[in-house]
Amino acid sequence: MKTRLRQLTALIVLLLVSGCGYNSLQGKEEAVFKAWGDIEANLQRRADLIPNLVETVKGYAGHEKETLEAVINARAKATAVHLSTNDLGNATAMQQLQQTQGELGSALSRLMVVAERYPDLKANQNFLDLQNQLEGTENRINVARQRYNQAVETFNSSIRAFPESLTNSLLLHLERKEYFKATQEAREVPKVDFRTK
């Protein structure tokens, strides 16, 4: 009788543990880390394209020194900020990364406006290839951000829902992850001015 009671107890414990979400929570956190890695890879790709783009523009519009330096400085700032997977729950670190990436995007936009003023540059095949690669990279970054936010939503919901919330609070102690949000500059309506100067 005691043996049967022990077997029944072991079976109940096994069923409870297998349904508690221990493994699924860890899998969901790994999905967040993977999605973050995808963002980092695409941000690196963008950073790698920028020096070639700047050099190409410099050949045609070298006197646009201020714009070119702004792009170079923004790239340096953006590549200096690194988040580890431990920082994904740190709102301040995430905000700092997003701000530097936003500044880089703004500087690149100004560079493209400069490029519009130079018909020879716009017709340069090297510039067109770099511009297309940069545009594709920006699209990849956007998709990677969306996938990251989906993974964060799934993970954050899981650590708050029963029974995984209980498993997390008793065993894992995993922390909520931060979403990738728009910077303040991205929320402002761009000013368009068609007057020639």
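Modeller: Let's start with a charged pair: the side chains of Arg176 and Glu178 meet in a salt bridge, 3.2 Å from N to O. Keep in mind that this is a predicted model.

Biologist: Why is Glu178 called buried, and what is Arg176 called?

Modeller: Buried means under 20% relative accessible area, and exposed means over 50%. Glu178 has 13% relative accessibility, so it counts as buried. Arg176 has 43%, so it counts as partly exposed.

Biologist: Why does Thr92 count as exposed?

Modeller: Its relative accessibility is 58%, and the mark for exposed is over 50%. Thr92 therefore counts as exposed.

Biologist: How many salt bridges does the structure hold?

Modeller: Ten. One of them joins Lys28 and Glu164, with the closest N and O atoms 3.4 Å apart. Lys28 is in helix α2 and Glu164 in helix α7, 136 residues apart, and the pair links distant parts of the chain.

Biologist: What about Glu29 and Lys177: what makes them a tie between parts of the chain?

Modeller: Their side chains meet in a salt bridge at 2.9 Å, N to O. Glu29 lies in helix α2 and Lys177 in the loop between α7 and α8, so the pair ties together parts that are 148 residues apart in sequence. Both Glu29 and Lys177 are buried.

Biologist: Now the helices. Why are α2 and α7 called roughly perpendicular?

Modeller: Helix α2 (residues 22-61) and helix α7 (residues 164-172) pack at an angle of about 85°, with their axes 9 Å apart. Angles of 65 to 115 degrees count as roughly perpendicular, so α2 and α7 get that label.

Biologist: Which residues meet where α2 packs on α7?

Modeller: From α2 you have Tyr22, Ser24, Leu25, Gln26 and Lys28, and from α7 Glu164, Thr167, Asn168, Leu171 and Leu172. The residues of that contact divide into four nonpolar, four polar and two charged.

Biologist: What makes the ring pair of Trp36 and Phe180 tilted?

Modeller: The ring centres are 6.2 Å apart, and rings pair if their centres lie within 6.5 Å. Planes under 30 degrees apart count as stacked and over 60 as edge-to-face, with the rest tilted. The planes of Trp36 and Phe180 are at 35°, so the pair is tilted.

Biologist: Where do Trp36 and Phe180 lie?

Modeller: Trp36 is in helix α2 and Phe180 in the loop between α7 and α8, 144 residues apart. Trp36 is buried, and so is Phe180. Trp36, Tyr148 and Phe180 form one aromatic cluster, and the structure holds two aromatic pairs.

Biologist: Why do Asn42 and Thr67 count as buried?

Modeller: The cut-off is under 20%. Asn42, at 13% relative accessibility, counts as buried, and Thr67, with a relative accessible area of 15%, is buried too. Asn42 lies in helix α2 and, leaving aside neighbours within four places in sequence, is in contact with Thr137, Arg140, Ile141 and Ala144. Thr67 is found in helix α3, residues 65-80; leaving aside its own neighbours within four places, Thr67 is in contact with Arg110, Leu111 and Val114.

Biologist: And how many helices and strands are there?

Modeller: Eight helices and zero strands. Buried residues make up 35% of the 197 residues in the chain. Of the contacts with a separation of 6 or more, 78% are between residues 24 or more positions apart.

How values were computed. Residues are numbered from 1 along each chain as its sequence is written. This is a predicted model: local features need pLDDT of at least 70, side-chain atom pairs count only at pLDDT 80 or more; totals for chains, interfaces and linings use all residues. Side-chain values use heavy atoms; hydrogens and water are left out. Axes are lines fitted to C-alpha atoms, for helices over the stretch in contact, and angles run from 0 to 180 degrees between N-to-C directions. Helices (H or I, at least four residues) and strands (E, at least two) are DSSP runs, numbered from the N terminus. Angles under 35 degrees count as roughly parallel, over 145 as roughly antiparallel, 65 to 115 as roughly perpendicular and the rest as oblique. Contact means heavy atoms within 4.5 Å. Ala, Val, Leu, Ile, Met, Phe, Trp, Tyr, Cys and Pro count as nonpolar, Asp, Glu, Lys and Arg as charged, and the others, Gly among them, as polar. Buried means under 20% relative accessible area, exposed over 50%, partly exposed in between (1.4 Å probe, protein chains only). A salt bridge is a side-chain nitrogen of Lys or Arg within 4 Å of a carboxyl oxygen of Asp or Glu. Rings of Phe, Tyr and Trp (its six-membered ring) pair if their centres lie within 6.5 Å; planes under 30 degrees apart count as stacked, over 60 as edge-to-face and the rest as tilted.
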